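Subject: Structure for you to look at, with notes

Dear colleague,

I am passing on the structure we spoke about, and my notes follow below it.

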Amino acid sequence: MKENVSLGIKYMLIASLLFAFMGASAKELSDSISSVEVVFFRNLFGVVLILFSIYRKPLVQEGGKPLLLIFRGMVGFIALLMFFYNISEISLAEAMTFSKTSTIFTAIFAYIFVKEKLAFKGWLGVFIGFIGILFITKFDGSSLDKTDWLGILCGVGAALAYTSIRELRKYYDSRAIVLSFMGIGTLGPLILMIISQFYTNPTFDFMLASFVMPKSEDWIYIVFLGLFATYAQIYMTKAYSCAKAGIIGTISYANIAFSIILGMILGDSFPDIWIVLGILLIVVSGFLVSLKKD
């Protein structure tokens, strides 16, 4: 496909805005239902759409890597649990920024497991990214908050999922890879909500919570959540098919700016100077790391 940078940038900006709206929908829902339940509805919507797509056009793939497929689904699901929990507990901008640290960890994991080369600019990006994380968490050498740990682990989990996709795409239809994630992301919350009926622990409240029937107005946000998440994925895929990953990956950080604006509309305060500096460093880090893909 011929490269079309302007169209790729346009698609990525749309995807970034939709991802921010997805996060805003999840934040609104967090007042009524748990983040575990939000993950359930978010993935259930996607499963229905993917199965319909497979029904219309059957999968064409080689297969042969079921354990890796399950691994991708599990780590993606766990990362999503942490991501939506953080959305319910901290500002939308902070939660989104933590999720964007996946670029840093993906570069490291790709270097270790996939043997992808990482040039000096890439390593510099990784270093700057970790400094950005220190700023966002305001780490003073003593301890980190629970949401800080979950934010970092969310980035690690997403990075493991993205790295596994690089191998899986050689064997599976992309829809099968997405279905492994969304399928586990639908069944997993159901199991966790059943377990929570018999066991609770404040430490694991990001993954153990009881099912609460959504109120009538919540269903509107649930539908929005599914629509925004699905179309964001579609536009993101289109963006990466139009231009180089380095360019598109950099534009994707517009998601943070959109999240700051939407978060403030929903009641978040504007990020303080340390968080702003951390966000800027992570954006620079993402840009430098993305250069290795071009």
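In the loop between which two helices does Asp 31 lie? Asp 31 is in the loop that runs between helix H1 (5-29) and helix H2 (35-56), where helices are DSSP runs of H or I of at least four residues, strands are runs of E of at least two, and both are numbered from the N terminus. Asp 31 is exposed, at 65% relative accessibility; here exposed stands for over 50% relative accessible area, buried for under 20% and partly exposed for what lies in between, with a 1.4 Å probe and protein chains only. Between the C-alpha atoms of Asp 31 and Leu 280, which are 249 residues apart along the chain, the separation is 30 Å.

Before the rest, please note that this is a predicted model, in which local features need pLDDT of at least 70 and side-chain atom pairs count only at pLDDT 80 or more, while totals for chains, interfaces and linings use all residues. Residues are numbered from 1 along each chain as its sequence is written, and side-chain values use heavy atoms, with hydrogens and water left out.

Salt bridges

Side chains of opposite charge can pair when their charged atoms come close. The structure holds four salt bridges, each being a side-chain nitrogen of Lys or Arg within 4 Å of a carboxyl oxygen of Asp or Glu. In one of them, the side chains of Asp 205 and Lys 146 meet at 2.3 Å, N to O, and this pair links distant parts of the chain, 59 residues apart, with Asp 205 in the loop between H8 and helix H9 (218-242) and Lys 146 in helix H7 (residues 146-168). Asp 205 counts as partly exposed at 30% relative accessibility, and Lys 146 counts as partly exposed at 31%.

Another salt bridge joins the side chains of Lys 170 and Glu 167 at 3.2 Å, N to O; Lys 170 is exposed, with 55% relative accessibility, whereas Glu 167 is partly exposed, with a relative accessible area of 26%. Asp 173 and Arg 175 also meet through their side chains in a salt bridge, at 3.0 Å, N to O, and here Asp 173 is buried at 15% relative accessible area, while Arg 175 is buried at 12%.

The second largest pocket

Rolling a probe the size of a water molecule over the atoms shows where empty space is left. The second largest pocket has a volume of about 170 Å³. A pocket is found on a 1 Å grid over the protein atoms alone, as an open set of points with protein on both sides within 12 Å along at least five of seven lines, whereas a cavity is a set of points where a 1.4 Å probe fits but cannot get out; lining residues have an atom within 4 Å of a point. Grid points are joined across faces, edges and corners, and the volume is the space filled by probe spheres set on the points.

Helix H3 (66-89) and helix H8 (174-195) each supply at least two residues of this pocket's lining, and the largest share, five residues, comes from H8. The lining residues include Met 74, Phe 77, Ile 184, Gly 188 and Phe 206. By class, the lining has 10 nonpolar, one polar and no charged residues.

Two buried residues

Lys 100 lies in helix H4 (residues 92-100) and is buried, with a relative accessible area of 16%. Its side chain makes a polar contact with the side chain of Ser 252 at 3.0 Å, a polar contact being a pair of N or O atoms within 3.5 Å. Ser 259, in helix H11 (residues 254-265), is buried at 0% relative accessibility, and the side chain of Ser 259 reaches the backbone oxygen of Asn 255 at 2.8 Å.

A positive phi

Most residues other than glycine have a negative phi. Lys 138, although not a glycine, has a positive phi of about 55 degrees; Lys 138 lies in the loop between helix H6 (120-137) and H7 and counts as partly exposed, at 43% relative accessibility.

With best wishes

Notes. A polar contact is a pair of N or O atoms within 3.5 Å; within protein, one must be able to donate a hydrogen and the other to accept it, and residues adjacent in sequence count only if both atoms are side-chain atoms. Ala, Val, Leu, Ile, Met, Phe, Trp, Tyr, Cys and Pro count as nonpolar, Asp, Glu, Lys and Arg as charged, and the others, Gly among them, as polar.
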